[in-house]
Amino acid sequence: MELIVRDLTVARGGVPVLEGLGFTLGAGEVLVLRGPNGSGKTTLLRTLAGLQPAVAGEVSLPPEAIAYGAHADGLKAQLSVAENLAFWASVYATGDIEDALTRMNLLGLRDRPAANLSAGQKRRLGLARLLVTGRPIWLLDEPTVSLDTASVALFASCVRAHVAGGGAALIATHIDLGLEAGIFDVTPFKADPTRAAEPGSFDEAFL
Ligand SMILES: Nc1ncnc2c1ncn2[C@@H]1O[C@H](COP(=O)(O)OP(=O)(O)OP(=O)(O)O)[C@@H](O)[C@H]1O
């Protein structure tokens with residue numbers, strides 16, 4: 001399954017951030033998203049994930065093909081690690097959470113409420129969620145924040161297995177994950193912010 005993006009313009013708060021952007025992410029590929037702080041990487045990922053509309057352009061796959069791992073881990077604090085994952089597995093109608101617990105080294109934490117996890121443990125649980133989505137395209141925004149070296153390696157091995165199985169990943173990261181990956185730098189696509197982002201002048205608070 002291939003993600004093809006053509007002539008895409010994305011905006012934040014009604015202001016165009018990136019324009020005329022395009023790339024292809026093929027099955028089995030990892031693409032690392034690069035660009036300075038504030039250049040629009042998160043905005044691009046949010047748009048591809050269907051959390052906000054594009055101003056212009058084409059995206060070949062619907063948001064239903066995509067699993068988005070945002071800055072926030074999206075955990076329910078009162079639920080245990082296993083309950084959080086089971087919740088997501090039911091949302092995505094996939095079944096088994098044991099594989100995800102094992103692969104993100106969460107078996108020993110399965111009954112702990114998410115509220116009582118350390119920052120790195122929360123992040124591991126947030127990433128384990130990707131494994132239960134069953135979706136082919138992973139979009140990841142700074143996935144290794146709070147992770148120690150061993151957990152970064154664990155995460156990288158999950159991405160490696162995902163792409164070896166025909167999946168693909170677009171990852172905004174400033175660190176070297178040790179993966180065989182292409183680089184997509186958004187810098188050349190910086191938009192002219194003085195242009196109005198019609199018809200994307202929406203209020204993000206309602207999305
Ligand atoms: N909620 C918002 N409303 C309006 N503008 C925003 C909002 N969030 C971010 N922006 C602005 O949109 C632009 C792009 O931000 P974005 O978060 O996409 O950049 P980024 O490349 O992911 O940055 P970083 O590397 O710092 O995470 C920035 O100028 C930012 O200040």
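Is Asp7 buried or exposed? Asp7 counts as exposed, because 12 C-beta neighbours sit inside 10 Å; the cut-offs are 20 or more other C-beta atoms within 10 Å for buried, 12 or fewer for exposed, and partly exposed in between, with C-beta atoms placed from the backbone. This is a predicted model, where local features need pLDDT of at least 70 and side-chain atom pairs count only at pLDDT 80 or more, while totals for chains, interfaces and linings use all residues. Residues are numbered from 1 along each chain as its sequence is written.

View 1. Asp7 isn't a glycine, yet its phi is positive, about 50°. Asp7 belongs to strand 1 (residues 3-12); strands (E, at least two residues) and helices (H or I, at least four) are DSSP runs numbered from the N terminus. Ala93 is another non-glycine with a positive phi, near 55°. Look for Ala93 in the loop between helix 2 (81-91) and helix 3 (98-103). Ala93 is exposed because it has 8 other C-beta atoms within 10 Å.

**View 2. The shell around the ligand.** Twelve residues surround the ligand, with Arg12, Gly13, Asn37, Thr42 and Thr43 the closest; a residue is near if its C-beta atom, placed from the backbone, lies within 6 Å. Helix 1 (residues 41-48) gives the largest share, three residues. By class, the shell has eight polar, three charged and one nonpolar. Here Asp, Glu, Lys and Arg are charged, Ala, Val, Leu, Ile, Met, Phe, Trp, Tyr, Cys and Pro are nonpolar, and the others, Gly among them, are polar.

View 3. Five strands pair in parallel, in the order 5-6-7-3-8; pairing takes at least two DSSP bridges. Strand 5 (66-69) and strand 8 (182-185) are the edges, each pairing on one side only. From one strand to the next, the twist averages 20°. Strand 3 (residues 30-34) and strand 8 share four bridges, and Leu33 stands opposite Phe184 in strand 8. Helix 1 packs on the sheet, its direction making about 150° with that of strand 6 (137-141). Helix 4 touches strand 5 and strand 6, at about 175° to the direction of strand 5. Contact means C-beta atoms, placed from the backbone, within 7 Å; angles run from 0 to 180 degrees between N-to-C directions, with axes fitted to C-alpha atoms, for helices over the stretch in contact.

Conventions: Contact = placed C-beta atoms within 7 Å.
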